[in-house]
Amino acid sequence: MQGMMRLSALTTALCGVLVLGGCNIQTDEASPASGTELESGEAAQELTLCGTTCPAGHHVTSQTCNPAACGGSCSSAYSYNQVTCAPNTETFSQCGGPCPSGWQATEWGCSSACADFCNGIYVNQTTCTRGCDPRAGTYGRKTLYTSAESEYAYRSGWCGIGTIYPAMCHEGTYYYSQSLETRGCLRAGSNGTCQDPDAVWRVTCRSSVQCVYDCDGNCVQTHCS
């Protein structure tokens, strides 16, 4: 019975003080702050753009000079101001090099799509094949935003891992450190103010948690016990 009481007290402390779990918790990798964020868009597709480079996740498949669409002039056989871009796949051939991070160069050649000059010696095209990120299997850190409701009496310990409390495993996640991101009063306490010990606040912690890199370079959150 004494052991159960200690466990119950610890759970209450982790809920109210550390804002980690068991008290209407919400966890997300995205920041709760307002503002412009990157969102998933439409599926990648081939693009034709003025300029000499492609957006992230795409590679140059052909280069040309197009004064009518992109301005300028074609003063040289090797000048270009327009590129066609295609999304990166497991294996692709691009004009120029080197391959983007996560891909390895496996073949080199010359393509008239990349220049108007191929004589069997000149190299202007690289074939890239998906490789394993060199960090694969190693530990890293990622950010989670953890929100919960907590009584004002626990305010001195809100988001206290790494400062008041050591790094720890809690409910399957290993937390290195935390910082207070946002807080707001939800309900006044017994005396009618938000500063009453039993007043309820909504607290969001910015937490640094353990993860392991996979071959794609993504740091996947680990599970601890």
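In this predicted model, strand β5 lines up with strand β7 (residues 125-130) through five bridges, and the two run antiparallel. One spot to look at is Ser93, whose bridge partner in β7 is Thr127. Zooming out, β5 and β7 belong to an open sheet of three strands, ordered β5-β7-β6, with antiparallel pairing. That leaves β5 (91-95) and β6 (103-109) at the edges, each pairing on one side only. From one strand to the next, the twist averages 30°.

Charged side chains come next. Asp133 is buried, at 8% relative accessible area, while Arg135 is partly exposed, at 36%. Two other arginines sit over rings. Arg130 lies over the face of Trp103, 3.9 Å from the ring centre, and Arg141 has its charged end over the ring of Tyr176, 3.8 Å from the centre.

As for aromatic rings, there are five pairs. Among them, Tyr152 and Trp201 have ring centres 5.4 Å apart and planes at 25°, so they count as stacked. This pair ties together distant parts of the chain, 49 residues apart: Tyr152 is in the loop between β8 (139-151) and β9 (168-170), and Trp201 is in strand β11 (residues 200-213). Both residues are buried. Ring pairs also bring in Trp158, making a cluster with Tyr152 and Trp201.

Tyr174 and Tyr176 meet in another way: with centres 5.3 Å apart and planes at 75°, the pair is edge-to-face. Tyr174 is partly exposed, at 24% relative accessible area, whereas Tyr176 is buried, at 18%.

Conventions. Residues numbered from 1 in each chain as written. Predicted model: local features only at pLDDT ≥ 70, side-chain atom pairs only at ≥ 80, totals over all residues. Heavy atoms only, no water. Pairing = 2+ DSSP bridges. Helix = DSSP H or I, 4+ residues; strand = E, 2+ residues; numbered from the N terminus. Axes fitted to C-alpha atoms, helices over the stretch in contact; angles between N-to-C directions. Buried < 20%, exposed > 50% of the residue type's maximum accessible area, 1.4 Å probe, protein only. Phe/Tyr/Trp six-rings, centres within 6.5 Å; stacked < 30°, edge-to-face > 60°. Lys NZ or Arg CZ within 6 Å of the ring centre and 35° of its normal.
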